[in-house]
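Hi,

Here is the structure I promised to pass on to you. Have a look at it first, and then read my notes below.

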Amino acid sequence: MKREKLLFWKGKVYTSFLIIQNHDLHAGYGALLLYALNGIRKAESINAIPIIDFNEKSCPYFYDAKWGTNIWEYFFEKVSSHTLQEINDWIKEGLLSDQEVHFISSSEAAQAHQHDPERLATFWAWETPINKVSWMKEKRALGRKYVQEYIRPKEHILKKVESFIATQFKASFIIGIHIRGSDFAYAKPTPIQAYFEEVDRLVDERNDKDYQIYVATDQSQYLDEFEKRYSGKVIYLNAVRSDNHIAPFRFEEISGYQKGEEVLLDILLLSKCQQILKGAAATGELALWFCNHNNITDFALQSEFNKKKYSELESTYSQLNVGNKSKTSRKTQILRERIIRRFIESKIGKVIYYRSTLARKILKH
């Protein structure tokens, strides 16, 4: 097989391959999508064919042996037609050289994810934009471009979306809401009352009671509150949720595939709603990359990036006191969170936390 044929893709010959892997073991599902898309952007810039390799070692929370070795392919079609195994075989056979296969280092991935001004992003990080509205619009347009070109959910995922819409979306006006709770900490969270006020405004503005509210949330208390306030109007996935500061994707007893599928279904179902309300967290913004309208209430514009070290961050569950804890209990909770974060950041903590399933159970955060 000629080298040119190996490197032929999308109607042209490329100079190399770029293997896209995850280096952030704290990454939730939305962050993994961003790492993949920014990896593809990197591949474009160096004239390389992208290959996404999200494996058990780098994405332990979403790995499920029943679904294969590449977590990306549980949910999406391959970005390009080749696999890492094929690339390794071609190198052994002398059809490719090591210089024709590139990897993104941990430091490069972090730089691209948080600091590169041209990156795909769902929220600004360390450099706050002068005009937040313009910044979000530009990033949203970029995200939509890459999603349209590269992201193809598997057929069984799309069928689940279609089935849910057919059986649950009954009103003429569906309001989609993403409200992040549990361990979310990198930006100022939006209180549930802000969502209530906006839903009430939208309903009053339409003067039409034929509406439903699709709620995508990782926090069970939020769902309870929506059901109390809008009885009979709330629809949602039968998904795993947290009732404390531990994000559902860290639950060891839940299938890795299930955790990923539930987030992706929320993203796709939100994208089908006529009006979308979302905060600073990734899932809500990613939903907008899959939709074709701009009927959006973006509470992220009222938020701020939390420029603290990982060990000093405080979860949404604690910040908004979602569990209605007493002052003493809340202080204890915050202290516990910080102790765990500091341990995870330490050298020995990283080794234990990353390599041991039992340790992750003990150090749930």
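**What I found**

The largest cavity has a volume of about 100 Å³. A cavity here is a set of points on a 1 Å grid over the protein atoms alone where a 1.4 Å probe fits but cannot get out; points are joined across faces, edges and corners, and the volume is the space filled by probe spheres set on them. The whole structure has 5 cavities of 30 Å³ or more.

Before going on, please note that this is a predicted model, where local features need pLDDT of at least 70 and side-chain atom pairs count only at pLDDT 80 or more, while totals for chains, interfaces and linings use all residues. Residues are numbered from 1 along each chain as its sequence is written, and side-chain values use heavy atoms, with hydrogens and water left out.

Among the residues that line the largest cavity are His178, Phe184, Tyr195 and Thr316 (lining residues have an atom within 4 Å of a point).

His178 also turns up in contact (heavy atoms within 4.5 Å) with Thr283, as do Val263 and Ile267, leaving aside neighbours of Thr283 within four places in sequence. Thr283 sits in helix H11, residues 282-289 (helices are DSSP runs of H or I, at least four residues, numbered from the N terminus). Thr283 has a relative accessible area of 14%, so it is buried (under 20%, with a 1.4 Å probe and protein chains only).

Enjoy exploring!

Best wishes

How values were computed:
Helices (H or I, at least four residues) and strands (E, at least two) are DSSP runs, numbered from the N terminus. Buried means under 20% relative accessible area, exposed over 50%, partly exposed in between (1.4 Å probe, protein chains only). On a 1 Å grid over the protein atoms alone, a cavity is a set of points where a 1.4 Å probe fits but cannot get out, and a pocket is an open set with protein on both sides within 12 Å along at least five of seven lines; lining residues have an atom within 4 Å of a point.
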